[in-house]
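Biologist: Hi! Could you walk me through this one? I'd like to start with how the chain is organised.

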Amino acid sequence: MMAINSSDAQTINSAMEQNPVLKTIMERRSIRKYMDKPVEHEKLEILAMAGINAPSSHNGQQWQVRVIEDKKLMAEYKSMFYDAPNVICICTPKENSEYNAGLLSENIMIAAQSMGLGTVCLAASVRLINSDAQYKSFLDRLEISEDYKLSYVIAVGYPAEQPQAKPRDVSKVKFIK
Ligand SMILES: Cc1cc2nc3c(=O)[nH]c(=O)nc-3n(C[C@H](O)[C@H](O)[C@H](O)COP(=O)(O)O)c2cc1C
(Lines give C-alpha, C1' and ligand atoms only; values in the text may rest on other atoms or scores of the structure.)
Protein backbone atom coordinates (compact mmCIF):
# COMPACT_ATOMS: atom_id res chain seq x y z
CA MET A 1 0.00 0.00 0.00
CA MET A 2 1.18 3.51 -0.77
CA ALA A 3 0.40 6.71 1.09
CA ILE A 4 -0.02 10.26 -0.20
CA ASN A 5 3.38 11.98 -0.30
CA SER A 6 4.47 15.59 -0.61
CA SER A 7 4.69 15.46 -4.41
CA ASP A 8 1.01 14.40 -4.48
CA ALA A 9 0.29 17.54 -2.42
CA GLN A 10 2.06 19.65 -5.07
CA THR A 11 0.06 17.89 -7.78
CA ILE A 12 -3.19 19.16 -6.26
CA ASN A 13 -1.82 22.71 -6.04
CA SER A 14 -1.04 22.83 -9.74
CA ALA A 15 -4.33 21.07 -10.58
CA MET A 16 -6.20 23.79 -8.64
CA GLU A 17 -4.65 26.45 -10.87
CA GLN A 18 -6.11 24.77 -13.94
CA ASN A 19 -9.40 23.56 -12.52
CA PRO A 20 -11.84 25.97 -10.86
CA VAL A 21 -13.98 23.15 -9.43
CA LEU A 22 -10.97 21.70 -7.60
CA LYS A 23 -10.01 25.19 -6.43
CA THR A 24 -13.51 25.70 -5.02
CA ILE A 25 -13.43 22.33 -3.25
CA MET A 26 -9.99 22.95 -1.77
CA GLU A 27 -10.73 26.53 -0.67
CA ARG A 28 -14.08 25.87 1.07
CA ARG A 29 -13.91 26.36 4.84
CA SER A 30 -16.60 26.35 7.49
CA ILE A 31 -17.61 29.96 8.13
CA ARG A 32 -18.70 30.99 11.63
CA LYS A 33 -18.84 34.80 11.17
CA TYR A 34 -21.24 36.39 8.70
CA MET A 35 -22.02 39.84 7.36
CA ASP A 36 -25.41 41.23 8.32
CA LYS A 37 -26.70 40.92 4.76
CA PRO A 38 -29.33 38.42 3.57
CA VAL A 39 -28.45 36.17 0.66
CA GLU A 40 -30.38 37.15 -2.47
CA HIS A 41 -33.36 34.87 -3.22
CA GLU A 42 -31.98 33.98 -6.68
CA LYS A 43 -28.73 32.78 -5.11
CA LEU A 44 -30.63 30.65 -2.58
CA GLU A 45 -32.57 29.15 -5.49
CA ILE A 46 -29.30 28.29 -7.23
CA LEU A 47 -28.00 26.63 -4.05
CA ALA A 48 -31.20 24.58 -3.73
CA MET A 49 -30.96 23.49 -7.38
CA ALA A 50 -27.30 22.54 -6.94
CA GLY A 51 -28.32 20.56 -3.85
CA ILE A 52 -31.10 18.54 -5.43
CA ASN A 53 -28.87 17.68 -8.39
CA ALA A 54 -26.74 15.53 -6.07
CA PRO A 55 -26.79 11.79 -6.69
CA SER A 56 -29.24 9.77 -4.60
CA SER A 57 -29.87 6.08 -4.23
CA HIS A 58 -32.11 4.94 -7.16
CA ASN A 59 -32.71 8.67 -7.73
CA GLY A 60 -35.03 8.41 -4.73
CA GLN A 61 -34.24 12.03 -3.73
CA GLN A 62 -34.67 11.07 -0.10
CA TRP A 63 -34.72 14.64 1.22
CA GLN A 64 -36.90 17.64 1.94
CA VAL A 65 -35.20 21.03 1.83
CA ARG A 66 -36.40 24.18 3.61
CA VAL A 67 -34.66 27.46 2.85
CA ILE A 68 -35.38 30.04 5.53
CA GLU A 69 -35.64 33.62 4.31
CA ASP A 70 -38.21 34.85 6.84
CA LYS A 71 -36.30 37.63 8.62
CA LYS A 72 -38.44 37.44 11.76
CA LEU A 73 -37.95 33.71 12.12
CA MET A 74 -34.20 34.07 11.50
CA ALA A 75 -33.96 36.88 14.09
CA GLU A 76 -35.52 34.58 16.72
CA TYR A 77 -33.08 31.73 16.14
CA LYS A 78 -30.01 33.37 14.56
CA SER A 79 -27.82 32.83 17.62
CA MET A 80 -28.15 29.05 17.07
CA PHE A 81 -26.69 29.47 13.60
CA TYR A 82 -23.66 31.75 14.18
CA ASP A 83 -25.87 34.75 13.29
CA ALA A 84 -26.02 33.70 9.64
CA PRO A 85 -28.74 35.61 7.72
CA ASN A 86 -30.20 32.43 6.19
CA VAL A 87 -30.25 28.71 6.87
CA ILE A 88 -31.00 25.70 4.72
CA CYS A 89 -32.65 22.87 6.61
CA ILE A 90 -32.13 19.39 5.22
CA CYS A 91 -34.64 16.75 6.27
CA THR A 92 -34.39 13.00 5.69
CA PRO A 93 -36.76 10.03 6.08
CA LYS A 94 -36.83 8.78 9.69
CA GLU A 95 -36.34 5.21 8.49
CA ASN A 96 -33.53 5.85 6.01
CA SER A 97 -29.84 6.67 5.90
CA GLU A 98 -28.63 10.25 5.66
CA TYR A 99 -26.07 9.54 2.91
CA ASN A 100 -28.19 11.08 0.17
CA ALA A 101 -28.75 14.26 2.16
CA GLY A 102 -25.04 14.41 2.97
CA LEU A 103 -24.24 14.52 -0.73
CA LEU A 104 -26.94 17.17 -1.26
CA SER A 105 -25.43 19.22 1.56
CA GLU A 106 -21.91 19.13 0.12
CA ASN A 107 -23.26 20.21 -3.29
CA ILE A 108 -24.86 23.21 -1.58
CA MET A 109 -21.69 24.10 0.32
CA ILE A 110 -19.43 23.83 -2.74
CA ALA A 111 -21.88 25.81 -4.89
CA ALA A 112 -22.01 28.48 -2.17
CA GLN A 113 -18.21 28.69 -2.08
CA SER A 114 -18.14 29.15 -5.86
CA MET A 115 -20.56 32.09 -5.49
CA GLY A 116 -18.59 33.92 -2.78
CA LEU A 117 -20.90 32.69 -0.02
CA GLY A 118 -19.87 30.97 3.20
CA THR A 119 -21.52 28.00 4.91
CA VAL A 120 -21.23 25.75 7.92
CA CYS A 121 -23.03 22.50 8.58
CA LEU A 122 -24.51 22.54 12.10
CA ALA A 123 -25.19 19.20 13.77
CA ALA A 124 -25.09 20.51 17.35
CA SER A 125 -27.93 22.97 16.72
CA VAL A 126 -29.95 20.22 15.05
CA ARG A 127 -29.54 17.95 18.09
CA LEU A 128 -30.82 20.79 20.30
CA ILE A 129 -33.72 21.69 17.99
CA ASN A 130 -34.81 18.05 17.80
CA SER A 131 -34.56 17.43 21.55
CA ASP A 132 -35.78 20.61 23.25
CA ALA A 133 -39.48 21.56 23.21
CA GLN A 134 -38.65 25.28 23.05
CA TYR A 135 -37.72 24.80 19.39
CA LYS A 136 -41.03 23.21 18.41
CA SER A 137 -42.23 26.45 16.80
CA PHE A 138 -39.11 26.45 14.59
CA LEU A 139 -39.72 22.83 13.54
CA ASP A 140 -43.41 23.55 12.94
CA ARG A 141 -42.49 26.28 10.45
CA LEU A 142 -40.53 23.73 8.38
CA GLU A 143 -43.69 21.69 7.70
CA ILE A 144 -41.70 18.46 7.39
CA SER A 145 -43.67 15.30 6.53
CA GLU A 146 -44.52 13.01 9.47
CA ASP A 147 -42.04 10.37 8.26
CA TYR A 148 -39.17 12.85 7.93
CA LYS A 149 -36.83 14.44 10.49
CA LEU A 150 -34.51 17.43 10.50
CA SER A 151 -30.98 16.07 9.84
CA TYR A 152 -28.71 18.98 8.95
CA VAL A 153 -28.86 22.73 9.08
CA ILE A 154 -26.51 24.61 6.77
CA ALA A 155 -25.95 28.23 7.77
CA VAL A 156 -25.34 30.43 4.72
CA GLY A 157 -24.33 34.04 4.21
CA TYR A 158 -21.61 36.41 3.11
CA PRO A 159 -18.46 35.47 5.03
CA ALA A 160 -16.97 37.91 7.55
CA GLU A 161 -13.89 35.76 8.19
CA GLN A 162 -11.37 33.77 6.17
CA PRO A 163 -10.34 30.82 8.34
CA GLN A 164 -7.21 28.82 7.62
CA ALA A 165 -7.67 25.24 6.46
CA LYS A 166 -7.67 22.73 9.30
CA PRO A 167 -5.08 19.99 8.81
CA ARG A 168 -6.11 16.87 6.93
CA ASP A 169 -4.69 13.47 7.82
CA VAL A 170 -3.31 12.13 4.56
CA SER A 171 -2.48 8.78 6.23
CA LYS A 172 -6.22 7.98 6.01
CA VAL A 173 -5.65 7.34 2.29
CA LYS A 174 -3.77 4.33 0.93
CA PHE A 175 -3.30 3.33 -2.68
CA ILE A 176 -3.39 -0.38 -3.39
CA LYS A 177 -1.34 -1.06 -6.52
C1 LIG B 1 -22.05 16.55 9.80
C2 LIG B 1 -21.32 17.79 10.25
C3 LIG B 1 -21.70 18.41 11.42
C4 LIG B 1 -21.06 19.59 11.85
N5 LIG B 1 -21.51 20.22 12.96
C6 LIG B 1 -20.93 21.37 13.36
C7 LIG B 1 -21.42 22.08 14.49
O8 LIG B 1 -22.39 21.66 15.13
N9 LIG B 1 -20.82 23.24 14.84
C10 LIG B 1 -19.76 23.75 14.12
O11 LIG B 1 -19.26 24.83 14.48
N12 LIG B 1 -19.27 23.10 13.03
C13 LIG B 1 -19.83 21.93 12.63
N14 LIG B 1 -19.36 21.28 11.53
C15 LIG B 1 -18.22 21.80 10.77
C16 LIG B 1 -16.93 21.02 11.06
O17 LIG B 1 -16.46 21.35 12.34
C18 LIG B 1 -15.90 21.34 9.97
O19 LIG B 1 -16.39 20.91 8.71
C20 LIG B 1 -14.55 20.69 10.24
O21 LIG B 1 -13.96 21.17 11.40
C22 LIG B 1 -13.54 20.90 9.07
O23 LIG B 1 -13.34 22.28 8.85
P24 LIG B 1 -13.70 22.95 7.43
O25 LIG B 1 -15.15 22.71 7.14
O26 LIG B 1 -13.38 24.41 7.62
O27 LIG B 1 -12.82 22.31 6.40
C28 LIG B 1 -19.99 20.10 11.09
C29 LIG B 1 -19.60 19.46 9.90
C30 LIG B 1 -20.28 18.34 9.48
C31 LIG B 1 -19.86 17.70 8.18
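Modeller: Happy to! A word on terms before the distances: the domain bounds used here come from an automatic or database domain assignment. Also keep in mind that this is a predicted model.

Biologist: Good to know. Which domains is the chain divided into?

Modeller: Domain 1 covers 1-28 and domain 2 covers 31-161. Taken over C-alpha atoms, their centres are 28 Å apart.

Biologist: And how many residues does the contact take from domain 1 and from domain 2?

Modeller: Four residues from domain 1 and five residues from domain 2. The area buried between domain 1 and domain 2 is about 420 Å², and carbon and sulfur atoms give 70% of it.

Biologist: Which residues in domain 1 lose the most area to domain 2?

Modeller: Those are Thr 24, Ile 25 and Arg 28. Together they account for 89% of what the domain 1 side buries.

Biologist: Nice. Switching to the ligand, which residues are around it?

Modeller: Among them are Arg 28, Arg 29, Ser 30 and Arg 32, then Tyr 82, a run from Val 120 to Ala 124, and also Lys 166 and Arg 168. By class, the shell has six nonpolar, one polar and five charged residues.

Biologist: How much of the ligand does the protein bury?

Modeller: The protein buries 66% of the 620 Å² that the ligand exposes when taken alone. Strand 4 (118-121) and helix 6 (123-131) are the elements giving two or more residues to the shell.

Biologist: Last one: how many helices and strands are in the chain?

Modeller: Seven helices and six strands. From the N terminus on, they run β-α-α-α-β-α-β-α-β-α-α-β-β.

Technical notes:
Residues numbered from 1 in each chain as written. Predicted model: local features only at pLDDT ≥ 70, side-chain atom pairs only at ≥ 80, totals over all residues. Heavy atoms only, no water. Near = heavy atom within 4 Å. Areas by Shrake-Rupley, 256 points an atom, 1.4 Å probe, with all protein chains shown as cover. Helix = DSSP H or I, 4+ residues; strand = E, 2+ residues; numbered from the N terminus. Nonpolar A, V, L, I, M, F, W, Y, C, P; charged D, E, K, R; others polar. Contact = heavy atoms within 4.5 Å. Buried area = accessible area lost by both parts, 1.4 Å probe.
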